[in-house]
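User: Hey, I've got a new structure open and I'm a bit lost. Can you walk me through it?
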Amino acid sequence: MQTLFSSLTALAGSLLRVTAQASLVIALVLLAQWLGRKHLPPRVRYALWLLVVARLLLPVSLESGFSIFNFTTA
């Protein structure tokens, strides 16, 4: 029973981390669209949303020394 509880706790932590990272990507895409609303063609705006789709479809990410997600973990 303890193993099941620890597995569910780890899963919940992972889901929370992925959700926070996806939310950060969404906020950055919205900011980029707002800043470049007059200069970004629709094709580029749709391509920015593909970053969000990729982040949501690929919950496992590669380790990197340079990442905006390094600032989200303390």
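User: Which residues in H1 meet H2?
Analyst: Arg17, Val18, Gln21, Ala22, Val25, Ile26, Val29, Leu30, Ala32 and Gln33 in H1 meet Arg45, Leu48, Trp49, Leu51, Val52, Arg55 and Leu56 in H2. Contact here means heavy atoms within 4.5 Å. This is a predicted model, where local features need pLDDT of at least 70 and side-chain atom pairs count only at pLDDT 80 or more, while totals for chains, interfaces and linings use all residues. Residues are numbered from 1 along each chain as its sequence is written, and side-chain values use heavy atoms, with hydrogens and water left out.

User: At what angle do H1 and H2 pack?
Analyst: About 175°, with their axes 9 Å apart. The angle runs from 0 to 180 degrees between N-to-C directions, and axes are lines fitted to C-alpha atoms, for helices over the stretch in contact. H1 and H2 are therefore roughly antiparallel, a label for angles over 145 degrees.

User: OK, new topic. Which residues of H1 are buried?
Analyst: Val18, Gln21, Ala22, Val25, Val29 and Gln33. Buried means under 20% relative accessible area (1.4 Å probe, protein chains only). Those buried residues of H1 pack against H2.

User: Tell me about glutamine 33. What is its relative accessible area?
Analyst: Glutamine 33 has 17%, so it counts as buried. Leaving aside neighbours within four places in sequence, glutamine 33 is in contact with Leu40, Arg45, Leu48 and Trp49.

User: And how far does H1 reach?
Analyst: H1 has 34 residues and reaches 49 Å from its first C-alpha to its last, close to the 50 Å expected. The expected span is 1.5 Å times one less than the number of residues.

User: Last one: how many helices and strands does the chain have?
Analyst: Two helices and zero strands. Both are DSSP runs, numbered from the N terminus: helices are H or I with at least four residues, strands are E with at least two.

How values were computed
Parallel < 35°, antiparallel > 145°, perpendicular 65-115°, else oblique. Buried < 20%, exposed > 50% of the residue type's maximum accessible area, 1.4 Å probe, protein only.
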